[in-house]
Every structure is written in C-alpha cells, then in structure tokens.
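Subject: Structure for you to look at

Hello,

Here is the structure I said I would pass on. Please open it before you read the notes below it.

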Amino acid sequence: MRRLTILVLMVLAVAGWTGRANAYSYAAAGAEPLLDGREALMGAIDKGDWAAAQTALDGMKADLTYLDENDDPGIAKAFADAMAAKDGKAVHQALMRAYADEIERRLKGARDNLKDYQTAKVLVVKAQRFFSAMAADLQPDTRKTVEDGLKQALDAIGNPGVFGVGASDPDPAAFAAAHANVEKALKGVGRPG
C-alpha cells in the first residue's frame, strides 16, 4: 500500500510539473515580429545600413499596422518618419512606444479573458516578454513599477491548481489595480516630449 501511495504521489508530481512546463512553453511560444526583429533592426541602424534596417522593419509591418489601426494611431508614421530621417534614436523611441502599446494590449486581453486561465496567462506572459525587451531602457522607478505590476497581474489571474489542489480564483479587482499601475508607469514611454 505504501508503494502505491508513493507511486501515486510521484505521478501527480510529474503531471503537475509537466502541466506547468507545457503552460510555460505554450505561453512563451509564437512569433512576435516586434521582438524577433529588434536585434536586426537596431543592429542595422548601428551599422548605418538603412536598407537592412528597412528590411527588418518590413518584417514588423503587419504588427505595426494592427497597432496603428486599433490601439495607437500614429505609431506606423512614427517609424516611417524616423526611418526617412535616418534617425536611430527616433526608431528606438518608436520601438519603445510599440512595446508599451503591446504590453497594454496584452493586459487588456488578459483582463477580458480572466475566466480562461490559459489565455489570460499567455497574454500576461507575452506582456512580460515585451517588458523584458525594454526594461533596460526604462528609468529604475518605472522599471520596478511595471515589473511589480506584471507579477501582480500574473498572480491575479488565479490558478487552476493540479487536480484542483492549490486552485485559486481570478481576482478582477487585483488585476485591475495591477493593470492600472502598469498603464500609468508606461504612459508617455517612447513618445516625444
């Protein structure tokens, strides 16, 4: 009987670990052209290779068009103007703005899907990926506020637990507070003035 109990506990532990590993890999998976093309874009600009920079930016076009049409009118023009002026700092600033937009967009999506743990988790983890890409360029107080807010948002989505053990319901009020803190901290990031 003792062996059976130990075997059941081991199976449950492996199943729980595998579930978390799959959830994380699923959340982290998927092409993100704005993230994936950053190195090529900024590397080309650093070398003064504006043709290669434009090619890298072209790979981001669909995402920028989406942001421009749905979340941040003018973001595509900010990139176009920066590229036309061959202004690397302005391109970097526009990229920071796009990342702030993406964080906001993903958090709104998570808020709207709080009852669907997996979808909400994927969206918050994607927001964290955008934050990681821009964190080094943020002021320390802004960086800390956003980092803490994203951790709080992840906690607020709840947890289905393993076979119900350790389950917690989503906390819409805590999520809203975390989201508001992130939004406030990122307001104006990447924008002139």
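Predicted model: local features only at pLDDT ≥ 70, side-chain atom pairs only at ≥ 80, totals over all residues.

Residues are numbered from 1 along each chain as its sequence is written, and side-chain values use heavy atoms, with hydrogens and water left out.

Helices are DSSP runs of H or I with at least four residues, numbered from the N terminus. H7 (residues 88-112) has 25 residues and spans 36 Å from first to last C-alpha, close to the 36 Å expected at 1.5 Å a residue (1.5 Å times one less than the number of residues). Asp 87 caps its N-terminal end, with a side-chain oxygen 3.1 Å from the backbone nitrogen of Lys 89.

The axes of H7 and H8 (residues 117-134) come within 8 Å and cross at roughly 165°; axes are lines fitted to C-alpha atoms, for helices over the stretch in contact, and angles run from 0 to 180 degrees between N-to-C directions. H7 and H8 are therefore roughly antiparallel (an angle over 145 degrees). Their contact (heavy atoms within 4.5 Å) includes Met 96 and Tyr 99 of H7 and Leu 123 and Phe 130 of H8.

H8 also packs against H9 (residues 140-156), at about 165° with axes 10 Å apart. That makes H8 roughly antiparallel to H9. Among the residues in this contact are Val 124 and Phe 131 of H8, and Val 146 and Leu 150 of H9.

Regards

Methods:
Helix = DSSP H or I, 4+ residues; strand = E, 2+ residues; numbered from the N terminus. Parallel < 35°, antiparallel > 145°, perpendicular 65-115°, else oblique. Polar contact = N/O pair within 3.5 Å; in protein donor to acceptor, adjacent residues only side chain to side chain.
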